[in-house]
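Subject: Handover of a structure

Dear colleague,

Please find below the structure that I am passing on to you.

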Amino acid sequence: MIKTTENEVTSAIIDGLNVRGYKVYKTFAGTAPIFHKSQMVFRRQKPGLQTKGMSDLIAIGHGKLLFIEVKSSTGKASPEQIEFLKSLESIKVVKGTVANCWEDVTKLTHSK
């Protein structure tokens, strides 16, 4: 078996999804972008602000919303990652908004 890195797997998945017409977003759960010496770098967030379990990729296309946890050929999902993916099984409706305040979000939670 050929060993593949997580970056190699991620690139292949993104390329494949793009070819199939999906728009793909890379998440950086547990990190926050900052600028250091004119370059964007990602630093670990403070405890309590991290989003453990969030999938690496989100893809939208063909009426579907996909959450993809990427692992190398020898990688294994954490319990938090498995829990996050299982939590998606009960979702029936997906909505989104631009929120300028908490009230903007409550409109989503109360609408059908």
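Along the sequence, the elements of the protein chain come in the order α-β-β-β-β-β-α-α. The protein chain thus holds 3 helices and 5 strands; helices (H or I, at least four residues) and strands (E, at least two) are DSSP runs, numbered from the N terminus.

Please note that this is a predicted model, in which local features need a pLDDT of at least 70 and side-chain atom pairs count only at pLDDT 80 or more, while totals for chains, interfaces and linings use all residues. Residues are numbered from 1 along each chain as its sequence is written, and side-chain values use heavy atoms, with hydrogens and water left out.

Confidence. The predictor's confidence in each residue is given as pLDDT, on a scale from 0 to 100. For the protein chain the average pLDDT is 81, and 78% of the residues score at least 70. Helix α1 (residues 6–19) has the highest confidence, at a mean of 93, whereas strand β2 (residues 31–36) has the lowest, at 59.

Burial. A residue is called buried under 20% relative accessible area, exposed over 50% and partly exposed in between (1.4 Å probe, protein chains only). Of the 112 residues of the protein chain, 19% count as buried. One of the buried residues is Gln-81, at 13% relative accessibility, which is placed in helix α2. The C-alpha atom of Gln-81 lies 6.3 Å from that of Met-54, although 27 residues separate the two in sequence. Ile-58, in strand β4, is also buried, with a relative accessible area of 16%. Between Ile-58 and Ile-68, which are 10 residues apart along the chain, the C-alpha distance is 6.3 Å.

Salt bridges. The structure contains 2 salt bridges, each defined as a side-chain nitrogen of Lys or Arg within 4 Å of a carboxyl oxygen of Asp or Glu. In one of them, Lys-71 is joined to Glu-69, with 3.5 Å between the closest N and O atoms. Lys-71 is partly exposed at 23% relative accessibility, and Glu-69 is buried at 16%. Another salt bridge brings together the side chains of Asp-104 and Lys-107, at 3.8 Å from N to O. Asp-104 and Lys-107 are separated by about one helical turn because they stand 3 residues apart in helix α3 (residues 102–110). Asp-104 is buried, with a relative accessible area of 16%, while Lys-107 is exposed at 58%.

Aromatic pair. Rings of Phe, Tyr and Trp (its six-membered ring) are paired if their centres lie within 6.5 Å; planes under 30 degrees apart count as stacked, over 60 as edge-to-face and the rest as tilted. By this rule there is 1 aromatic pair. Phe-67 and Phe-84 form this edge-to-face pair, with 5.6 Å from centre to centre and 70° between the planes. The pair links distant parts of the chain, with Phe-67 in strand β5 and Phe-84 in helix α2 (residues 79–87), 17 residues apart. Phe-67 counts as partly exposed, at 25% relative accessibility.

Pocket. Phe-67 also belongs to the lining of the second largest pocket, together with Leu-65, Leu-88, Ile-91 and Val-94. On a 1 Å grid over the protein atoms alone, a pocket is an open set of points where a 1.4 Å probe fits, with protein on both sides within 12 Å along at least five of seven lines; lining residues have an atom within 4 Å of a point. The lining of the second largest pocket is made up of 5 nonpolar residues, with no polar and no charged ones; here Ala, Val, Leu, Ile, Met, Phe, Trp, Tyr, Cys and Pro count as nonpolar, Asp, Glu, Lys and Arg as charged, and the others, Gly among them, as polar. The space in the second largest pocket is about 150 Å³, a volume being the space filled by probe spheres set on the grid points, which are joined across faces, edges and corners.

Backbone. His-62 is not a glycine, yet has a positive phi of about 55°. His-62 lies in the loop between β4 (57–61) and β5 (64–68) and is exposed, at 59% relative accessibility.

With kind regards
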